[in-house]
Amino acid sequence: MTNSIGELKDAACILAIGSNTTAAHPVIGFIVKQATRKGNKLIVANPREIELVRYADIWLQQNPGSDVALLMGMARVIVAEGLLDQAFIEQRGENFAAFRESLKDFDLDSVAQITGVPVAKIVEAARLYATTRPASIIYAMGITQHSHGTDNVMAIANLAMLTGNVGKPSSGVNPLRGQNNVQGACDMGALPNVYSGYQAVSNPAVKAKFESAWGVTLDDKPGLTLTEIMDAAHQGKIKAVYLIGENPVLSDPDASHVRKALEKLDFLVVQDIFLTETAQLADVILPGVSFAEKEGTFTNTERRVQRVRQALAPVGEARSDWWIACEIARRMGGKGFDFASPAQIMAEIARVTPSYGGITYDRLETGGLTWPCPDEKHPGTPILHTAQFTRGKGQFLPLKYKPPQELPDAEYPLILTTGRSLFQFHTGTMSRKVGGLNKFMGEELVEINPADAAALGIADGDTVRITSRRDTVAARAKLTATTPPGVVFMTFHFAESPANRLTSPALDPVAKIPELKVCAVRVEKLKQSVAV
Amino acid sequence: MDEIRLTVDGREVKVKKGATVLEAAQAAGVYIPTLCHDPDLEPYGGCRLCVVEIEKMRGLPTSCTTPATEGMVVHTDTPAANDVRRAAVELLCADHYSECLTCPQNQRCELQKVAAYLGITRLPYPKTTRTFPVDDSNPFFDLDRNRCILCARCVRACNEITCVGAIDLAYRGYQSKVATFGDQLMISSICKSCGECVAHCPTGALAPKESRRPTREVLTTCPYCGVGCQMSLGIRGHEIVSVRGKREDSPNKGWLCVKGRYGIGEFVSHPDRLTAPLVRRDGELKKVSWDEALDLVARKLASYQKGEVAVITSAKCTNEENYVFQKLARAVLGTNNVDHCARL
Ligand code: FES
């Protein structure tokens with residue numbers, strides 16, 4: 001997030017796009033709803049009638065995968081009606097002319113055609129967003145998990161810069177990260193192209209710095225991404241994988257392909273707290289500990305580094321994940337893995353990572369610190385880009401609408417989109433162990449619009465078969481108008497109905513994020529529901 | 001910043017403009033009994049426990065709703081104020097299921113606290129005999145209306161904090177009660193089980209099903225989504241028996257969702273947890289020692305070419321762990337093949 005969570009309450013206007021906030025980030029959902037109670041404006045852009053729609057001033061029900069068209073259409077209205085922040089654009093932006101030129105492709109009639117949103121609503125939303133300041137945009141996987149996810153994010157950035165909604169309190173571009181420490185894992189360089197603090201492995205100065213810090217020779221060629229690792233494993237090029245605390249057999253697209261890739265490996269080590277679907281494929285399983293049994297830090301979606309403190313002794317012989325990795329490194333002859341505590345690791349992180357330079361356990365004792373926090377006197381940076389952007393000026397990007405890579409056809413007439421339930425989490429490894437949560441949602445329910453269901457002869461509770469070009473999955477149907485006609489919705493929480501066997505592995509070319517939000521499927525009735 | 005000076009029970013105190021008389025008294029270290037007041041919620045003025053006398057002001061204003069003004073002279077512990085409080089609490093007690101020993105809120109109950117402050121040791125009215133059935137339909141908490149004092153803190157929390165509005169005060173007078181829409185069971189309502197109502201209930205009317213008290217608390221960060229809610233885990237032996245949100249210096253201001261409040265202890269202590277290293281031998285997973293497992297992993301990983309190995313790390317693990325994982329990949333395995341599920 002460019003801004004902090006608490007600022008959302010004072011955003012005069014919030015645009016929530018591709019985020020089912022009350023289900024995936026419930027406490028941020030509270031704050032968004034509280035803002036609307038104060039009379040602040042809310043625009044929700046979502047194909048599904050999510051809970052937030054009830055609190056919204058405007059609901060834009062765009063077709064899945066049409067976000068670029070919707071956002072560029074709004075930008076076009078803002079430019080045409082002169083609602084832009086001229087001063088901000090001149091002082092802080094560049095490439096505006098080319099961007100304005102690219103808006104020509106987005107005449108509102110075609111935008112309405114592509115998005116399914118009436119012209120009047122697009123105009124109304126654009127005016128409300130542009131004239132109600134400060135305005136904040138929040139978004140999540142509904143924006144990023146597309147074959148053109150990077151374009152979606154750029155379209156959001158364009159809109160925010162166009163209206164000067166950057167670098168000010170309660171404004172900004174605010175991605176809501178899904179897992180507790182996705183932000184931190186990225187910050188720490190658990191990515192193939194960067195070290196901690198997003199320092200590029202290909203940069204010679206960075207390479208030299210880490211070589212001297214770690215006392216080794218390093219590779220300046222970026223490595224493979226998760227999806228590429230799976231492909232390489234499939235082809236036999238990757239032979240061994242050390243996998244920690246992930247469950248790609250359920251979370252990754254085209255999951256049957258992932259399973260086959262992992263089965264092909266010569267050696268698979270899985271470190272986890274449960275025997276997950278992925279761990280069942282392993283040659284060696286190392287028992288890690290839960291968050292409650294270890295010391296450390298997580299970095300939340302607003303870049304706030306906060307302490308995790310040990311509350312319980314590890315179960316059985318389980319050990320902290322950092323200890324296990326250090327032991328493996330040491331036994332392989334690695335130098336610089338003699339850490340006695342996570343506090344010592346943080347000290348090294350601070351030494352080599354400019355944005356974490358001022359973060360110490362002592363300082364975290366009294367509360368979190370928001371990076372960039374370059375030195376021990378620095379108070380942290382809740383709002384980014386107040387004076388300038390990381391790259392200097394903010395670049396407006398001309399964009400083109402690209403449809404999702406897989407569209408419905410005669411054989412696969414429906415769009416499958418995926419998401420999360422409030423009562424489960426990710427692949428259910430933790431939340432499905434909780435009886436009460438299972439009582440609220442204990443199995444996958446495929447949401448189908450009653451109109452589609454009627455045409456297919458499907459009644460509420462019937463078991464249906466969902467088939468995509470990749471695989472087939474069975475689950476019970478839930479008839480609901482929440483999901484629009486032509487679209488079906490599934491979560492990916494349940495191993496028994498693994499939605500990601502169906503999803504498309506089409507990748508965004510830049511971010512390499514798979515298109516989990518759109519794939520084509522057909523749905524057939526398998527079994528009548530048994531009345532209870 | 002505008003400051004106001006006033007006197008509460010003879011003590012001078014300075015507060016920010018906009019503060020209530022109750023807040024001024026608290027700032028002066030003076031206790032005023034309250035029941036419906038809650039610092040997380042808008043002033044309500046329903047229970048009349050917080051009445052005070054203010055010089056040059058008529059009647060007995062409720063301090064929780066009265067703004068403090070310059071030069072005010074406030075008396076909190078006067079016979080007139082205590083008469084009003086006593087009458088209110090005696091009525092509440094007559095209608096209250098007073099089996100305190102078996103109440104989940106025993107000794108934390110705010111009704112007990114105000115009754116003790118007023119010195120109420122016997123009741124002038126006969127106890128009512130009406131009983132409500134306990135609504136135990138929610139898997140995480142019970143609603144026992146026999147212990148409800150109708151302060152509406154639950155209703156207001158559900159409205160003001162979560163904005164869900166699953167419950168309201170229904171019916172009138174003696175029939176008044178906290179109810180869901182259509183007076184259904186809690187489980188059949190639109191309640192999302194976040195437990196904010198439970199966290200704000202002053203008595204045992206809304207109480208978690210897990211009623212054991214922790215012996216210590218540990219402040220930490222929630223392991224579910226990316227909001228990073230700050231929470232205190234209540235520990236009893238080797239179990240987590242309670243979770244409390246942290247109000248200050250936290251992204252969540254004390255609030256929690258259903259997973260954070262009720263979805264942690266059970267998975268942490270689940271019998272399916274992995275408790276020893278396992279190695280596959282002849283297709284079967286066998287328990288081995290750490291030394292054996294770690295040596296095997298180190299030996300095997302060392303046997304491949306640099307580009308043939310990959311490390312997949314975890315968005316559930318800590319920063320320190322992710323740092324060590326990528327360092328292991330880059331500095332020891334010699335590869336940048338390191339990634340995690342950021343994109344999923
Ligand atoms: S606390 Fe003031 S009226 Fe209840």
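**Entry 1: the sheet**

I began with an open sheet of seven strands, in the order S13(B)-S12(B)-S11(A)-S10(A)-S9(A)-S14(B)-S15(B), with mixed pairing. I note that this is a predicted model, where local features need pLDDT of at least 70, side-chain atom pairs count only at pLDDT 80 or more, and totals for chains, interfaces and linings use all residues. Residues are numbered from 1 along each chain as its sequence is written, chains are lettered from A and ligands numbered from 1 in the order in which they are written, and side-chain values use heavy atoms, without hydrogens and water.

My terms: strands (E, at least two residues) and helices (H or I, at least four) are DSSP runs, numbered from the N terminus. Two strands pair if DSSP finds at least two bridges between them.

Next I checked S12 (residues 278-281) of chain B. Four bridges join S12(B) to S13(B), and the two run antiparallel. Here B:Val279 stands opposite B:Lys286 in S13(B).

**Entry 2: two helices of chain A**

I took H3 (residues 67-80) and H6 (residues 108-115) of chain A. They pack at about 155°, with axes 9 Å apart. Axes are lines fitted to C-alpha atoms, for helices over the stretch in contact, and angles run from 0 to 180 degrees between N-to-C directions. H3(A) and H6(A) are therefore roughly antiparallel. The cut-offs are over 145 degrees for roughly antiparallel, under 35 for roughly parallel, 65 to 115 for roughly perpendicular, and oblique for the rest.

Which residues of H3(A) meet H6(A)? I found A:Ala69, A:Leu70, A:Gly73, A:Arg76 and A:Val77 in H3(A), against A:Leu108, A:Val111, A:Ile114 and A:Thr115 in H6(A). Contact means heavy atoms within 4.5 Å.

**Entry 3: where the chains meet**

I then turned to both chains. In chain A, 154 residues are in contact with 110 residues of chain B. The chains bury about 11,100 Å² between them, 65% of it on carbon and sulfur atoms. Buried area is the accessible area (1.4 Å probe) that two parts lose on being put together, summed over both. In chain A, A:Phe291, A:Arg331 and A:Met332 lose the most area to chain B, together 6% of what that side buries.

H15 (residues 321-331) of chain A packs with H9 (residues 319-332) of chain B at about 15°, with axes 9 Å apart. That makes H15(A) roughly parallel to H9(B). Among the residues that meet are A:Trp322 in H15(A) and B:Phe325 in H9(B).
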